[in-house]
Amino acid sequence: MPNFVISQAMHSIRSYIEDARSRHQKLFAVLVDPDDVDESSLDRIARQALDNGVDLFLVGGSLVTGTKLPDTIARLKTTTNLPVVIFPGSVQQVDPQADALLFLSLISGRNPDLLIGNQVLAAPYVKRSGIEAIATGYMLVDGGAPTTVSYISNTLPIPADKNDIAVCTALAGEMLGMHTIYMDAGSGARQAIPASMIRAVSTQVDLPVIVGGGIRTPDQAYLSAEAGATVIVVGNAIEEDSNLISELSFAVHSASGQGVKR
Ligand code: 1GP
């Protein structure tokens, strides 16, 4: 299965994702937390990603305590030709070697530091790095148990059965000018985000939707993509067993999401 190739004309990761959405194509993203992988497991993940049509890497985490972010990005860039996008958990996670950075605002929460405060602090570093910033409305959804991100962010996730809250939040993000909406149950969530909530959000906003958190099986990955997500993100399950990459990638790329009104 070929990786999507970023064409000359499509010089930004944002347009790469938007283009995938408009073609009803699905993108499979592997999330790497630099604190969780050593060089040999990183190389194994990189090789399997290349062999199995992974479309991009996200690098970061809500609690990156080590200093391995730049080395992780550098190694992924030299061992693969895939886009590397920073998924920052803090202001420190900016690195010019990456292709882009999700410039997150935690719009499901009411913590001003994560709605705008940290962004003000990070903006000059992002500007100086020259890295592409993709404005991302980040929505935490309850995954059945507290996760690192819900604890660290000191915010309440959206209840998993409240599709209307998720839709209103995503719509507000769109009206505020976000480029994409990231629906996250949090790393290692007990339950992935229900397909009905993904479908409700994807049909209402005219933006690519990224979905992750607690996806462990090809079935969950397929259902999330089919429900309307453009990008499916898996981290934990792949860190535990990188052999899952092939089935997960196949599942994501098998979905068409054609049933979803756009
Ligand atoms: C977490 O969406 C990501 O922010 C991925 O979650 O590690 O549970 O796959 P997992």
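User: How far does a backbone N or O atom of Gly188 lie from an oxygen atom of the ligand?
Analyst: That distance is 2.7 Å, a polar contact here (a pair of N or O atoms within 3.5 Å; within protein, one must be able to donate a hydrogen and the other to accept it, and residues adjacent in sequence count only if both atoms are side-chain atoms). Bear in mind that this is a predicted model, where local features need pLDDT of at least 70 and side-chain atom pairs count only at pLDDT 80 or more, while totals for chains, interfaces and linings use all residues. Residues are numbered from 1 along each chain as its sequence is written, and side-chain values use heavy atoms, with hydrogens and water left out.

User: What about Gly213 and Gly214, how far are their backbone N or O atoms from a ligand oxygen?
Analyst: For Gly213 the distance is 3.1 Å, and for Gly214 it is 2.8 Å.

User: Switching to helices: at what angle do α8 and α10 pack?
Analyst: About 25 degrees, with the axes 8 Å apart; α8 covers residues 218-226 and α10 residues 244-254. Axes are lines fitted to C-alpha atoms, for helices over the stretch in contact, and angles run from 0 to 180 degrees between N-to-C directions. Helices are DSSP runs (H or I, at least four residues), numbered from the N terminus. The pair is therefore roughly parallel, as angles under 35 degrees count as roughly parallel, over 145 as roughly antiparallel, 65 to 115 as roughly perpendicular and the rest as oblique.

User: Which residues meet there?
Analyst: Pro218, Ala221, Tyr222 and Ala225 of α8 meet Glu247, Leu248, Ala251, Val252 and Ser254 of α10, where contact means heavy atoms within 4.5 Å. By class, that contact has seven nonpolar, one polar and one charged residues. Ala, Val, Leu, Ile, Met, Phe, Trp, Tyr, Cys and Pro count as nonpolar, Asp, Glu, Lys and Arg as charged, and the others, Gly among them, as polar.

User: And how do α2 and α3 pack?
Analyst: Helix α2 (residues 39-51) packs on α3 (residues 69-79) at about 40 degrees, with their axes 10 Å apart. That makes α2 oblique to α3.

User: Which residues are involved?
Analyst: Glu39, Leu42, Asp43, Ala46 and Leu50 in α2 meet Thr72, Arg75, Leu76 and Thr79 in α3. They divide into four nonpolar, two polar and three charged.

Technical notes: Helix = DSSP H or I, 4+ residues; strand = E, 2+ residues; numbered from the N terminus.
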